[in-house]
Amino acid sequence: MATKKSATNSIHSKKELKKELAHKLEVSLPEIKAGLGKKKFNKRVKKATKLITAGLHLNGAEKKEKKNIDKKTAPAKKTETPKKVTAEENQNLA
C-alpha cells in the first residue's frame, strides 16, 4: 500500500531537505556522474545542495534582523544641487 505525505508534514528539516535534493540531482544527472566520476560528482552535488538550501531555514530572530537591515539600507534620497553657472552663461544672462 502506498503511503501519502500529509500537507502538514511538508516542512522538512534542513538535513532531510539536503538529502532529498541531493538524491534528485543524482537521479537527474547520470551522464555527468559518469563523466566526472563518483567522488567528484558527490562533492559537487553536496556543494550545490548547500548553496541551494542556504537561507531556507532561518530562525525567527534571524528573519527579523534581516528585515530590519533591509529597511535601513534603503537608498538615500537625492537632493538637487544648484547648477554652476559658467562665465559664458553669466554673460548671456546679462
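## Overall fold

Which pattern does the protein chain follow when read along the sequence? In this predicted model, the chain runs as α-α-α-α-α. The secondary structure comes to 5 helices and 0 strands.

How much of the chain is buried? Of the 94 residues in the protein chain, buried residues make up 6%.

Let's begin with charge pairing. Side chains of opposite charge can pair when their charged atoms come close. Here the count comes to 1 salt bridge, and the partners are glutamate 20 and lysine 24. Their closest N and O atoms are 3.4 Å apart, which meets the cut-off because a salt bridge requires a side-chain nitrogen of Lys or Arg within 4 Å of a carboxyl oxygen of Asp or Glu.

Where do the two partners sit relative to each other? Both belong to helix H1, which spans residues 14–28. Because they are 4 residues apart in this helix, about one helical turn separates glutamate 20 from lysine 24. Is glutamate 20 buried, partly exposed or exposed? With a relative accessible area of 28%, glutamate 20 is partly exposed.

Helix H3 covers residues 38–53, and lysine 43 lies in it. Lysine 43 has 52% relative accessibility, so this residue counts as exposed; the cut-off for that class is over 50%.

Together with Lys39, Lys40, Arg44 and Lys47, Lys43 forms a positive surface patch.

Which residue lies 20 residues away from valine 45 along the chain, with C-alpha atoms 7.0 Å apart? That residue is leucine 25.

Threonine 53 is in helix H3 too. What does the side chain of threonine 53 reach? At 2.7 Å, the threonine 53 side chain reaches the backbone oxygen of threonine 49.

## Putting it together

Helix H1 holds the glutamate 20 and lysine 24 pair.

Methods:
Residues numbered from 1 in each chain as written. Predicted model: local features only at pLDDT ≥ 70, side-chain atom pairs only at ≥ 80, totals over all residues. Heavy atoms only, no water. Patch = residues over 30% accessible without salt bridge, like charges linked within 9 Å, V, L, I, M, F, W, Y side chains within 5 Å. Areas by Shrake-Rupley, 256 points an atom, 1.4 Å probe, with all protein chains shown as cover. Lys, Arg positive; Asp, Glu negative; His and termini not counted. Charge placed at Lys NZ, Arg CZ, Asp CG, Glu CD. Helix = DSSP H or I, 4+ residues; strand = E, 2+ residues; numbered from the N terminus. Buried < 20%, exposed > 50% of the residue type's maximum accessible area, 1.4 Å probe, protein only. Polar contact = N/O pair within 3.5 Å; in protein donor to acceptor, adjacent residues only side chain to side chain.
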